[in-house]
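Colleague: I am new to reading models. Please take me through this one, step by step.

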Amino acid sequence: MATALRFVPEPKTIAIVGCPFSGGQPKPGVDKGPIHLVEAGLITQLEGLGWKVKFNGHHQFEDISAENDPPIGILKNPRLVSRVTKSVADVVGSHVKNGELPVTLGGDHSLAMGTIFGTLSHHPNACVVWVDAHADINTVESTDTGNIHGMPLSFLLGLGSKVPEFSWVKPLLKNDSLVYIGLRDVDPGEKAILRENNIKAFSMHEVDKYGIGKVVEMALNHVNPNRDRPIHLSFDVDALDPSVAPSTGTPVRGGLTFREGHYICEAIYETGLLVAMDLMEVNPSLADAASVEQTVTVGCSLLRSALGETLL
């Protein structure tokens with residue numbers, strides 16, 4: 001592997017954090033995504049890139065029960081989501097502290113509340129590159145659905161009313177440390193939140209206008225101008241066009257092409273600054289077998305590109 005990673009010491013080690021969790025949204029099946037990715041040979045593929053890979057099985061969250069979990073306001077499954085994401089934050093944080101690169105396989109994107117908190121607890125100056133069709137920044141006030149997978153960034157940024165159940169989520173993420181790529185389905189309330197908080201976002205409009213290479217460069221110039229800050233990459237497969245990754249919970253037409261998605265991952269790896277990655281919202285229950293296989297294969301391919309695979 002040619003690129004040296006500044007924040008991950010030798011021997012370079014990936015810790016796979018499998019999170020079969022679906023509590024942040026209502027559709028069944030997204031909890032099966034991590035299992036499919038691992039069964040597709042992901043560990044061997046990453047070892048083939050020269051990584052040492054640690055995988056201790058998927059997190060089962062058996063000890064996290066929230067049978068009595070009525071909504072808090074409109075928020076659905078709040079206690080379950082809080083306890084699971086806190087558990088994920090602890091696990092991811094411990095891997096980062098140990099000098100390992102955690103690769104979290106979701107599960108729904110509410111998990112990023114935990115993964116990013118875990119990264120920032122040890123790299124407080126890390127920046128977040130969020131690749132997604134959706135902004136996932138609804139607050140308690142702005143959410144129409146109460147599905148927490150559309151809200152993790154508002155908790156990490158400390159926006160909106162406080163929810164006691166989530167008091168562990170300190171606002172470690174700063175507005176100028178977050179940048180989006182690929183947005184195309186953003187709620188009106190979220191548009192207002194992005195504007196009011198001066199949060200940088202590159203929608204599909206900018207991808208069309210400038211091309212993906214320029215967009216990634218502009219995104220990194222915003223959150224990491226000197227190319228010296230650790231990067232947490234959180235990638236929702238629905239950022240890709242449904243023709244590329246059909247098996248996901250909230251597909252939206254007009255997304256990133258296969259190559260655009262891979263280019264983002266390759267370019268971030270080339271910085272040598274990656275410290276953590278999430279791959280979220282692969283849902284094997286929402287399509288036919290061929291579409292599921294296609295989506296899982298693309299997911300593995302994105303992870304390889306973010307972890308050092310090159311075309312030549």
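Modeller: Helices (H or I, at least four residues) and strands (E, at least two) are DSSP runs, numbered from the N terminus. This is a predicted model: local features need pLDDT of at least 70, side-chain atom pairs count only at pLDDT 80 or more, and totals for chains, interfaces and linings use all residues. Residues are numbered from 1 along each chain as its sequence is written, and side-chain values use heavy atoms, with hydrogens and water left out.

Colleague: In which helix does His 95 lie?

Modeller: Look at residues 78-97.

Colleague: Is His 95 buried or exposed?

Modeller: Buried means under 20% relative accessible area, exposed over 50%, partly exposed in between (1.4 Å probe, protein chains only). His 95 has a relative accessible area of 12%. So His 95 is buried.

Colleague: Which side chain does that of His 95 join in a polar contact?

Modeller: A polar contact is a pair of N or O atoms within 3.5 Å; within protein, one must be able to donate a hydrogen and the other to accept it, and residues adjacent in sequence count only if both atoms are side-chain atoms. Contact in general means heavy atoms within 4.5 Å. Leaving out residues up to four places away in sequence, His 95 touches Ala 15, Val 17, Glu 100 and Pro 102. The polar contact, of 2.7 Å, is with the side chain of Glu 100.

Colleague: How many disulfides does the structure hold?

Modeller: A disulfide is a covalent bond between the sulfur atoms of two cysteines. The cut-off here is a pair of cysteine sulfur atoms within 2.5 Å. The structure's count is zero.

Colleague: How far is the nearest cysteine sulfur from Cys 19?

Modeller: Cys 19 is in no disulfide. The nearest cysteine sulfur is that of Cys 300. The distance is 16 Å.

Colleague: Which strand holds Leu 178?

Modeller: Leu 178 counts as buried, because its relative accessibility is 0%. Among the residues it touches, beyond four places in sequence, are Trp 130, Leu 153 and Val 223. Its strand covers residues 178-183 and is S5.

Colleague: How far apart in space are Leu 178 and Val 163, C-alpha to C-alpha?

Modeller: Start with the sequence: Leu 178 and Val 163 are 15 residues apart there. In space, C-alpha to C-alpha, the distance is 22 Å.

Colleague: What is the omega of the cis peptide bond between Gly 106 and Gly 107?

Modeller: Find Gly 107 in the loop between strand S3 (101-106) and helix H4 (112-120). A cis peptide bond joins it to Gly 106. Omega is about 20°.

Colleague: What is the phi of Asn 198?

Modeller: Asn 198 lies in the loop between H6 and S6. It is exposed, because its relative accessible area is 64%. It is not a glycine, yet its phi is positive, at about 55°.

Colleague: Is Arg 227 buried, exposed or partly exposed?

Modeller: Arg 227 sits in the loop between helix H8 (212-223) and strand S7 (231-236). It too is not a glycine, and has a positive phi of about 50°. Its relative accessible area is 25%, so Arg 227 is partly exposed.
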